[in-house]
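Hello,

Here is the structure for your files. My notes come after it.

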Amino acid sequence: MRRIGIAVLIAMLLLALSVATAFADSPHFISATASVSGANLNVSFKEAGLGNNALITYQATADASATYVCVNGGNKNPSASNKTTVSGPVSATGTFSSGKNGSISQTLTLSPPSAGSFSCPSGQKLELASASYTNVAITDNTNGITDDIPGTFSTGCLLPNVRGAC
């Protein structure tokens, strides 16, 4: 009877140690930044405390606004009515491994919302004139952790040589 008691005690001790080890990881973002590249927004981040070789799924999100214009053969936006601004949420996801050091450094890229059903008259082509992003955040979906990235990130005019585009 005593041997069974000792075996149970050892088993409980080993279980307690393994549970403590599992909870020893402490996921947290070390940094999160955003920068505009062309029309896109790159959300770069570093998270640590993930444990070794863990697969973590991330989602970058933002509220975005994009202005599209029609450009004619003379490289002009011929009419103010040949513009539309669309707004909405945008996101990008990715799954990465923490490797042996228990951290992940990556970048997810957000694209502006599409022009939707807006179209140009015959002889003109649809072009993206500008985009901006606000309420940017990166979320570790696996561990339920979010880091907000404050600020407004704007492309400025993407068509500086098109008269009337911006």
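Predicted model: local features only at pLDDT ≥ 70, side-chain atom pairs only at ≥ 80, totals over all residues.

Residues are numbered from 1 along each chain as its sequence is written, and side-chain values use heavy atoms, with hydrogens and water left out.

Aromatic rings

Rings of Phe, Tyr and Trp (its six-membered ring) pair if their centres lie within 6.5 Å; planes under 30 degrees apart are stacked, over 60 edge-to-face, and the rest tilted. The count by this rule is four aromatic pairs. One of them is Phe-29 with Phe-45, edge-to-face at 6.2 Å centre to centre and 80 degrees between the planes. Phe-29 is in strand 1 (residues 28-37) and Phe-45 in strand 2 (residues 40-48), 16 residues apart. Strands here are DSSP runs of E, at least two residues, numbered from the N terminus.

Phe-45 also pairs with Tyr-58, tilted, at 4.4 Å and 40 degrees. Tyr-58 lies in strand 3 (residues 55-71), so this pair ties together parts 13 residues apart in sequence. Phe-29 and Phe-45 are both buried, as is Tyr-58; buried means under 20% relative accessible area (1.4 Å probe, protein chains only). Ring pairs link Phe-29, Phe-45, Tyr-58 and Phe-96 into a cluster.

Three strands form an open antiparallel sheet in the order 1-2-5, where two strands pair if DSSP finds at least two bridges between them. Strand 1 and strand 5 (104-110) are the edges. Seven bridges join strand 2 to strand 5, and Lys-46 stands opposite Ser-105 in strand 5.

Regards

Note on methods: Helix = DSSP H or I, 4+ residues; strand = E, 2+ residues; numbered from the N terminus. Buried < 20%, exposed > 50% of the residue type's maximum accessible area, 1.4 Å probe, protein only.
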